[in-house]
Amino acid sequence: MNPEKDFAPLTPGIVRALNDKLYEKRKVAALEIEKLVREFVSQNSTAQIKHVIQILSQEFALSQHPHSRKGGLIGLAACSIALGKDSGLYLKELIEPVLTCFNDSDSRLRYYACEALYNIVKVARGSVLPLFNVLFDGLSKLAADPDPNVKSGSELLDRLLKDIVTESNKFDLVGFIPLLRERIYSNNQYARQFIISWILVLESVPDINLLDYLPEILDGLFQILGDNSKEIRKMCEVALGEFLKEIKKNPSSVKFAEMANILVIHCQASDDLIQLTAMCWMREFIQLAGRVMLPYSSGILTAVLPCLSYDDRKKSIKEAANICNQSLMKLVIPEDDENEFKQPTAAPQVETEQDKPLSKQEMASDGGLDVSKRLISAAGDFIQTSSTERIQVTLNLDGIVQVLDCHLHDPAIGMMTRIAVLKWLYHLYIKTPRKMFRHTDSLFPILLKTLSDESDEGEVYFLKVNIFVAKKDEIGPRFLGIEDEIDQRFQ
């Protein structure tokens, strides 16, 4: 630093002490700065206050010399203390140089930056909320700092910021969500813990409705649920549990459709906790949202059907999947068999991604699939409305039959899954016979093959499906011959 340079209104003594390698001398300089700024506040000398902050920022905190940077940090904290409630008028100028020091290679300097920011935030309190995103961004990086002292300092600052958010009604959730959505995909253990802790805090604040933005963070939450740390998994489990409680309390305001595909993907995760949690969510979604979930039937069946053949090691997943399957089946009603032109929809019927069954490669997700590519607007098949309005959906039978047919052709399919598929076909022939007729030619060969199944229950449902089809006048002549063979098998 150039000794000839004029740093007025800072005295040469203050400048020398700020540049000293000893903390105690820098602290003495900070006390002098605090006294100086208090005088400017009493004189209402805004220009002088700004000038002091500018010098401390540009010439010290952002200096190339480590001791000068440390002096600048403690000097800026002293300014904030002197300003008191007026510090809110200068927060951007006070905070930005401190945040820059969060990236310093010297761990001691990062610690001093935490200390300085803590003092600035403690004085400003709610006035810092307009700058919350930059504070959160800085803290999320320090949460994973390798130095334990820095990490400890950041935790103190983090707790202070959480207290401020909790006690304030001016938190900008809309502005925060994009940053949360981005950071929730961090793979760092400490960063994940930091994110979940903030989600738990925001969930607990009555004035903050995080549920409205759940579709934007749900996939990230399920990915964190697969973390190697038991503590983080537990925290995430608690957060998801709280969200589910809210969903059950306020189903009319929940964006079920926007989260359906996210659940479909995680219902097929290789991690048991992720799969069970997603399946339990799916169960609640189907029961709470009803026919809003119908356009996603093919994806749901892709996820649920294989779980029906799980053994007792995954009993809980199997039970949840069974309820999902039965509840989904009940959503198909005779009105779904009406011609498309008789059933009003929100827009002209088109084949949409949500009704298109996912390939096995796509659906064998371990939590790493980019869900954003699978999320589809609700405009094509149904209208997301308030609870007082009727929700109209169109059953895409082709997509469902495609999934059922795929499972029937799979030689590795479990017996309980095969039986469930046959029950679905029987149910569809009863509820939507007209629409099912066009699938009979393609389904009949594999249904015939099902006669060789060892399971009587499977054959019973094969019998029901085929006899029901055979008795239909439109196609009866083609199938009457099979009844004798079926009768012989069951004598």
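Which residue's charged end sits over the ring of Tyr-310? That would be Lys-314, placed 4.8 Å from the ring centre. A few notes on the rest follow.

1. **Ground rules.** This is a predicted model, where local features need pLDDT of at least 70 and side-chain atom pairs count only at pLDDT 80 or more, while totals for chains, interfaces and linings use all residues. Residues are numbered from 1 along each chain as its sequence is written, and side-chain values use heavy atoms, with hydrogens and water left out.

2. **Overall make-up.** You're looking at a chain with 22 helices and zero strands. Helices here are DSSP runs of H or I with at least four residues, strands are E runs of at least two, and both are numbered from the N terminus. Of the 491 residues, 53% are buried. Buried means under 20% relative accessible area, exposed means over 50%, and partly exposed is in between (1.4 Å probe, protein chains only).

3. **Contacts and surface.** Take the contacts (heavy atoms within 4.5 Å) with a separation of 6 or more: 73% of them come from residues 24 or more positions apart. The accessible surface of the chain is about 23000 Å², and carbon and sulfur atoms own 50% of that. Those areas come from the Shrake-Rupley method with a 1.4 Å probe; for residues, only the protein chains shown count as cover.

4. **Helix H14.** This one covers residues 272-289, and its 18 residues should span 26 Å at 1.5 Å a residue; the end C-alpha atoms are 25 Å apart, which agrees. (The expected span is 1.5 Å times one less than the number of residues.) H14 is largely enclosed by the rest of the structure, because 13 of its 18 residues are buried. At its start, a side-chain oxygen of Asp-271 comes to within 2.9 Å of the backbone nitrogen of Leu-273. After H14 comes Gly-290, with a positive phi near 60°.

5. **Aromatic pairs.** The structure has 14 aromatic pairs. Rings of Phe, Tyr and Trp (its six-membered ring) pair if their centres lie within 6.5 Å; planes under 30 degrees apart are stacked, over 60 edge-to-face, and the rest tilted. Phe-132 and Trp-198 have ring centres 5.2 Å apart and planes at 75°, so this pair is edge-to-face. Phe-132 belongs to helix H7 (residues 132-142) and Trp-198 to helix H10 (residues 189-204), so the pair ties together parts 66 residues apart in sequence. Phe-132 counts as buried at 3% relative accessibility, and Trp-198 does too at 0%.

6. **The ring cluster.** Phe-171 and Phe-176 also pair edge-to-face, 5.7 Å centre to centre with 65° between the planes, and both are buried. Ring pairs link Phe-132, Phe-136, Phe-171, Phe-176, Phe-194 and Trp-198 into a cluster.

7. **Another charge over a ring.** The charged end of Arg-26 sits over the ring of Tyr-112, 5.6 Å from its centre. The criterion is NZ of Lys or CZ of Arg within 6 Å of the ring centre and within 35 degrees of the ring normal.

8. **Polar contacts in helices.** A polar contact is a pair of N or O atoms within 3.5 Å; within protein, one must be able to donate a hydrogen and the other to accept it, and residues adjacent in sequence count only if both atoms are side-chain atoms. In helix H5 (residues 91-100) you'll find Glu-96, whose side chain makes a polar contact of 2.9 Å with that of Lys-92. Glu-96 is partly exposed at 40% relative accessibility. Over in helix H20 (residues 433-449) is Thr-440, with a side chain that reaches the backbone oxygen of Met-436 at 3.4 Å. Thr-440 is buried, at 2% relative accessibility.

9. **An arginine to look at.** Arg-192, in helix H10, counts as buried at 10% relative accessibility. Leaving out residues up to four places away in sequence, Arg-192 touches Ser-186, Asn-187, Gln-223, Ile-224, Asp-227 and Ile-232.

10. **Backbone spots to check.** Ala-8 and Pro-9 are joined by a cis peptide bond, with omega about 15°; Pro-9 lies in the segment before helix H1 (12-18). Asn-44 has a positive phi near 55° without being a glycine. It sits in the loop between helix H2 (23-42) and helix H3 (46-61) and is exposed, at 64% relative accessible area. Arg-125, also not a glycine, has a positive phi of about 50°.
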